[in-house]
Every structure is written in structure tokens, then in C-alpha cells.
Amino acid sequence: MLPRLYSFRRCPYAIRARLALQYSGVKVELREVDLKHKPGEMLRLAKNATVPILQLADGGIIEESWDIVIWALRQNDPDLWLGVDESRLFESEMLIEMNDYSFKTDLDHYKYADRYPEHSVEYYRSEGEEFLQDLEDVLKQSKYLLGETISVADIGIFPFIRQFAFVDKAWFDQAPYPALQSWLQLFIDSALFSSIMHKLPVWKQGDKPIIFPA
């Protein structure tokens with residue numbers, strides 16, 4: 001049995017898991033999920049039942065998207081996204097912690113500002129901009145977040161910056177983050193990103209398996 005990935009293509013957590021799987025070439029059975037009608041099979045796997053969830057061939061469950069990324073790269077990492085002897089992992093995880101906790105909260109407040117009437121959209125955006133500025137400062141010095149080649153940090157953070165940018169793309173395009181804008185566009189235009197964003201039918205019991213990457 002192949003590992004089974006329960007996923008939703010527009011979720012940034014799921015996007016980074018799919019990027020890592022596509023890059024590594026580790027094949028899974030992909031089950032696209034309707035978040036409003038989660039399948040019972042997925043609900044039985046994990047208490048939170050948030051996407052992505054990876055059910056391993058031995059029955060083990062990986063619930064965190066970052067853990068799925070690392071699992072995939074440990075199977076195959078041809079361009080050393082983790083670095084030699086995983087030398088880039090520690091630096092990456094420091095950035096991921098900032099992204100997944102404080103920045104993701106700011107992103108949610110900004111994107112769904114109507115749910116958080118305590119402050120304005122502009123306020124929530126300005127809170128998120130602190131992380132944008134941190135990344136801009138880094139990317140002024142190097143092409144990617146950990147140097148001149150792609151690392152796991154780029155893949156882990158890119159989907160969230162993309163989501164932030166598209167809340168108000170006109171604003172983002174004129175914001176004072178030229179290095180970050182170029183970095184983001186590089187990934188949006190990449191064949192890797194295009195390869196994982198094809199729309200798939202929502203999975204239901206009895207469907208023919210979709211093998212990913214194809």
C-alpha cells in the first residue's frame with residue numbers, strides 16, 4: 001500500500017507538503033478533501049483532522065505538514081534542500097516556527113478581518129509586515145532564504161507569503177519589498193509549483209486511486 005495523503009490544494013500547509021513530495025518523487029495516493037465535508041476515513045485518523053494528513057504504509061500517521069516535508073526529503077533529497085547532513089534544518093526550523101505561529105496568526109487575521117472586528121484590515125496587515133520585512137532583509141543579501149540555492153525553508157514558507165500577497169495583490173505589488181516580491185514570483189512561476197496545483201476531484205470511497213506525483 002502506498003502512503004495516503006489527505007490534502008486540499010489551496011491550503012498553504014498542504015501546498016508545502018505537496019511541493020516536497022513532488023520534488024522528492026516519493027509516491028503517495030492523493031485524496032483531495034472538501035474541508036466542509038471531511039471523509040470519515042480522514043476523521044478517524046486524527047483528532048484534529050486538519051489537512052494535510054499522511055497515512056504511512058505501516059499505518060503510522062503524520063499530522064503536521066512540516067513533518068511531512070521532512071519525511072519526504074529524508075526519502076529523497078536530490079538537490080540537498082536539507083543541506084549536507086541536514087545542516088540547513090536547524091536554521092529552517094527557526095524560520096518555520098516564526099512563520100507557522102506568529103505570522104500565520106497575522107495572516108489569518110488579515111485574510112479574515114471581518115471575523116476579527118477588534119482591529120482594521122490595515123492593522124492586521126501591518127502586524128504581518130514585520131515578518132515580511134524580516135524576509136526582505138534576508139533576501140536582499142541572497143537569492144533564497146538560506147543562501148544562493150533553494151532550501152527547505154523556501155518551500156516551507158512560500159505558500160504562506162503567497163496567500164498573504166493575494167489577500168490584496170495590488171497592495172502587495174507596490175509594497176516596499178522588492179526582493180521578497182521577486183522571490184515569491186520565482187516560485188509562483190516555477191514548474192514545481194504548477195505541477196502540484198492541478199484541480200482534482202474530491203475523493204470519495206471507491207474512487208480509483210490518484211497517484212501523486214504522477
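1. By class, the lining of the largest pocket in this predicted model comprises 14 nonpolar, four polar and twelve charged residues. In total, 30 residues line this pocket. Those nearest its centre are Cys11, Pro12, Tyr13, Val51 and Lys104. The space within the largest pocket amounts to about 800 Å³.

2. The elements that contribute two or more residues to this lining are the helices α1 (12–24), α3 (65–75), α4 (89–111) and α6 (152–167). The largest share comes from α4, which supplies seven residues.

3. Leaving aside residues up to four places away in sequence, Gln163 touches Arg10, Pro12, Leu107 and Lys111. Of these partners, Pro12 is also among the residues nearest the centre of the largest pocket.

4. The second largest pocket has a volume of about 170 Å³. Phe8, Arg9, Arg10, Glu32, Val33, Asp34, Leu35, Lys36, Lys199, Leu200 and Val202 form its lining. By class, these residues divide into five nonpolar and six charged, with no polar residue. Arg10, listed in this lining, is also one of the residues that Gln163 touches.

5. As to secondary structure, the chain contains nine helices and five strands. Read from the N terminus, the order of the elements is β-α-β-α-β-β-α-α-α-α-α-α-α-β.

6. The overall dimensions may be judged against a simple rule. For 214 residues, a compact globule would have a radius of gyration near 17 Å, and the chain, at 17 Å, agrees with that expectation. The C-alpha trace spans about 50 × 45 × 25 Å along its principal axes.

7. A last point concerns contacts along the sequence. Where the residues in contact are at least 6 apart in sequence, 69% of the contacts in the chain join residues at least 24 apart.

Technical notes
Residues numbered from 1 in each chain as written. Predicted model: local features only at pLDDT ≥ 70, side-chain atom pairs only at ≥ 80, totals over all residues. Heavy atoms only, no water. 1 Å grid on protein atoms, 1.4 Å probe; cavity = no way out; pocket = protein on both sides within 12 Å on 5 of 7 lines; lining within 4 Å. Points joined across faces, edges and corners; volume = space filled by probe spheres on them. Helix = DSSP H or I, 4+ residues; strand = E, 2+ residues; numbered from the N terminus. Nonpolar A, V, L, I, M, F, W, Y, C, P; charged D, E, K, R; others polar. Rg over C-alpha atoms; globule rule 2.2 N^0.38 Å. Contact = heavy atoms within 4.5 Å.
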